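Dear colleague,

I am passing on a structure for you to look through, and below it I have set out what was found in it. Please keep the picture open while you read, so that each place can be looked up as it is named.

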Amino acid sequence: MRMDELEDAKETPEEMASNFTCAMFETPEAVLNGARHMASVEISCEPCVRKHVRSIFMDNAVVSTSPTPNGNTAIDSFHQFAGVKWLREKPLSRFEDAQWLLIQKAEEEKLLQVTIKLPQVVLDKLINDSKDYYLSDGVSKSAQLWNEQRTLILRDGFDKFLLPSMTKEARSLLNSRAKSWLLLDYGKLLWDKVSVAPYQRKETDVGSDEETAPRVMACCWGPGKPATTFVMLDSSGEVLDVLHAGSLSLRGQSVDEQQRKKNDQQRVQKFMMDHQPHVVVLGAANLSCRRLKENIYEIIFKMVEKCPRDVSDEMDNLNIVYGDESLPHLYENSRISVDQLPSQEGITRRAVALGRYLQNPLSMVATLCGPGREILSWKLNPLENFLTPDEKYGMVEQVMVDVTNQVGLDLNLASSHEWLYAPLQFISGLGPRKAAFLQRSLVKAGPIFTRKDLLTSHGLGKKVFVNAVGFFRVRRSGLTSSSSQYIDLLDDTRIHPESYSLAKDLAKDIYCEDGNGDANDADDEDMLEMAIEHVREKPHLLRAVDVRQYAEQKNRLNKKETLNDIRLELIKGFQDRRRPYVGLSEDEEFYTILGETEEAVSEGRVVQATVHKVQPHEATCVLEYGLIGMLRKEDYADDWRDVNSLTDKLHEGDTLTCRIKSIQKNRYLAFLTCRESEMRNIRFQKQQIMDPYYREEWSTSHIAQEKARKVKELAKKKHFKARMIVHPRFQNFTADEAIEFLSDKDPGESVIRPSSRGLSHLTLTLKVYDGVYADKDIVEGGKENKNITSLLRIGKTLKIGEDTFEDLDEVMDRYVDPLVARLKAMLNYRKFRRGSKNEVEELLKKEKSENPKIVVYCFRICYEHPGTFLLTHIQNTNPYEEYVSVYPKGFKFRKQMFKDIDRLVAHFQRHIDDPFRRAHSIGSVAATVPMRSPATGSGRNNRR
């Protein structure tokens, strides 16, 4: 309700505005425009107005997404952005996960259009309510004219200032909320990896009070160099022995190969007999590991069968478990692994980490939380790239502190084995610096027999001691395992020293009540020690205690929770509350061995398969990640009945573009189809849980736009055939589409596309510079001309100039990547100058006038011949230019190849007076240009 009545001026707005005209505002309308602008700015900056609008906007605003033309083509049902392709009016409050980050990324890549707005009904009500406060109630002609101006002010205030500002705030809020959720999810995934108890042997193998980790034999498969490696770790994670067995997985049938395999089997058998492992952990690196696992089981069976007396009871049912090699790979390549295992090669360090993770996951993960922060490279969430390294490490620290203090740290065991000290920095009250100081002190001093020594002998301050001491375990382990010196049993519990008196009183009272000792000997230390031993040996006495009743009797109700915690610790000190170790499930094993995600290997996915073996009715193929694929004759083509035998159509080594029909994970087998009708069938679209606000809409105008776009594309593609090629760098683009796709990318980005030269050619389009694009012809070889389908597939060989490649990956590795490296080296060279020919020459002339005695030079883009640069120099007064061509192997200048620009420049400076071919005639240098431009007209390669 308005607090005061507005008084309308008797003059009309135009009449009043005419009094304020000036040089800046020459007309009354200009004055009114300026006044309305200032009024709308003032309203939009008013805190109470912003608060009111913000409240309504955040409660009612909705988000809608729709694909751009490029997005509509690129985002299929398997795409990362498939779930956010069509969202309709999703309220801000319903964004509960990291979905907004995907939307934001898709918008940045120009695949989605995103709108955040108030529903029209809410917006109309908001504006009408504002009018009730801002407009006059007058009915005169003058009042109506002033109200028209006020209405325009409100509309400008909302449309130009308030709503855009609220939209920006909403985006910031959604981004913050999504990142918070993602950070928590990242922490949860890390917790699941860290808060895992060590691998436990069967209960019959271990005494009830024994907490010794198992002896582990860790194995990492190797291709030959390095060889498959076995590492034996004792119960403390120290390396006992290493064995390399490169012939264990040989599959050849020759006498030599069989003998080498037999020798390695005998060596592995002796290795296991000598060390008697409790468990074998095998790195799940690839499909070869499945055969390796079978080979190890075969060795165990032969060992038990032939030498039963030499095999301990613990090895009767020796278990082989798969381990994820992602963390061991990080350890293998870390500086800390070289410091800890200086004499071991990489695969050995990886195997050590594999085994140690089974023995002590917390210490193994903490090892990678040092100054190098290698832990941040451990991929846990597919969206974690949205988080900064500092955000991720902050969560890592939180998780590691929680788990470390939950588990505790055995100081005497760590003093004997350095790698077990890794979690020390996460003990409450410490940190990397204090932990390093304490570790040096403990290692130097030797065994510790009481927690109090930390305060008196190891320099911990009182406050640090109070914070940290409850998480240190002091018991008979490591260096003190054979010592007879007294160790307080309470020092191996989570009970803080300040509560030791409560613990002793509780133990004493139970001990006396059980008919032992005399209450009058309450202060006898021996009696208290016996009481604590008694209750720990008979935990049922502690379980029978009613803590509340006991606290009331002792007038200690304020310590009820503490007494209950003491009771639990006396029952079992530092009881491990982590979830028990569980091996990989069938699905986890399948995807870990393949090294792919569930998204990448799923039914309906289009994949490339290499034919391995062809039979009349089926062909065996190998997919990119090693999975075996089966292609039956009826799945080869729609007209399969006309095919007498697959041997007439397929040959070993052929590359097929197929779709996965189904997967048998237990057999590591995929059934494939390359029938044209199946390749286009929408039934293979990914079945995923769609957002409840997902609404795929095709309005009449949208359909018309799509039809117009398709007609335009068809006009462009009269000589364009879409190719059946699956590769990250390949796109079915025309030349214009390739340039449009690369237009907002950085120089050096490229795309491989169909060629207008025909189905035996591909074209590499490379962005050389802003507005400058170069093409390179790729000739395909080994193609069959049986039908159009075989022609649309990629050739068996690819040729660029004189260089031959087996596939597009090799083209990228051996040709494109080195070429781009040379290109970027030139663009970043200290003597490279941006600009047109005239601009660059002017810069050189100015430099020459300042330094007349030297030869000034620079490099610039050659716009006429993309992929080529011009070396412009002034020796006396006139500028001259020479061509410099860029190749993967180096830079070509004056018919010589130079590996780097500095060598080229040095040669130029030494031979500046030699005769040379100047870059005046285009025809004279055509042979030196390594690439041709995709643009043959004006306006495509604009000089900037």
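**Helices**

Helix H7 covers residues 141–194, and because its 54 residues at 1.5 Å a residue should span 80 Å, the 76 Å between its end C-alpha atoms agrees with that expectation. Please bear in mind, here and throughout, that this is a predicted model. Along its course H7 bends by about 40°, and the place of this bend is Phe-158.

Helix H12, which runs over residues 346–359, has 14 residues and reaches 20 Å from its first C-alpha to its last, close to the 20 Å expected at 1.5 Å a residue.

In helix H16, made of residues 432–445, you will find Ala-435, which counts as buried because its relative accessibility is 4%, under the 20% cut-off. Ala-435 is 13 residues from Ala-422 in sequence, and the two C-alpha atoms are 9.2 Å apart in space.

**Cysteines**

How many disulfides does a search of the whole structure find? The search finds zero. As background, a disulfide is a covalent bond between the sulfur atoms of two cysteines. For Cys-674 the closest cysteine sulfur is that of Cys-658, and because the two sulfurs are 4.6 Å apart, where a disulfide needs them within 2.5 Å, they are too far for a bond. Cys-674 is also buried, at 4% relative accessibility, and Cys-369 is buried too, with a relative accessible area of 1%.

**Backbone features**

Most residues other than glycine have a negative phi, and most peptide bonds are trans.

The peptide bond that joins Lys-225 and Pro-226 is cis, with an omega of about 5°. Pro-226 is placed in the loop between strand S4 (216–223) and strand S5 (227–233).

Asn-555, a residue other than glycine, has a positive phi, near 55°. Asn-555 lies in the loop that leads from helix H22 (547–553) to helix H23 (560–571). Is Asn-555 buried or exposed? It is exposed, because its relative accessible area of 69% is over the 50% cut-off.

Phe-574 likewise is not a glycine, and yet its phi is positive, at about 50°. The loop that holds Phe-574 is the one between H23 and helix H24 (586–594), and Phe-574 counts as buried, at 4% relative accessibility. Gly-573 is found in the loop between H23 and H24 as well, and with a relative accessible area of 4% Gly-573 is buried.

**Contacts across the sequence**

Although Gly-573 and Leu-490 are 83 residues apart in sequence, their C-alpha atoms are 8.2 Å apart in space. Another such pair begins with Tyr-773, a residue of strand S18 (residues 772–781), which is buried with a relative accessible area of 4%. Tyr-773 and Gly-867 are 94 residues apart in sequence, while from C-alpha to C-alpha they are 7.8 Å apart.

**Cavities**

Rolling a probe the size of a water molecule over the atoms shows where empty space is left. In this structure the count comes to two cavities of 30 Å³ or more, and the largest cavity has a volume of about 170 Å³. Which residues lie nearest the centre of the largest cavity? Of the 14 residues that line it, they are Asp-654, Thr-655, Glu-784, Ser-790 and Arg-793. The lining of the largest cavity divides into four nonpolar, four polar and six charged residues.

With best wishes

Definitions and conventions. Residues numbered from 1 in each chain as written. Predicted model: local features only at pLDDT ≥ 70, side-chain atom pairs only at ≥ 80, totals over all residues. Heavy atoms only, no water. Buried < 20%, exposed > 50% of the residue type's maximum accessible area, 1.4 Å probe, protein only. Helix = DSSP H or I, 4+ residues; strand = E, 2+ residues; numbered from the N terminus. Expected span 1.5 Å × (residues − 1). Bend = angle between axes of the 7 residues up to and from the residue. 1 Å grid on protein atoms, 1.4 Å probe; cavity = no way out; pocket = protein on both sides within 12 Å on 5 of 7 lines; lining within 4 Å. Points joined across faces, edges and corners; volume = space filled by probe spheres on them. Nonpolar A, V, L, I, M, F, W, Y, C, P; charged D, E, K, R; others polar.
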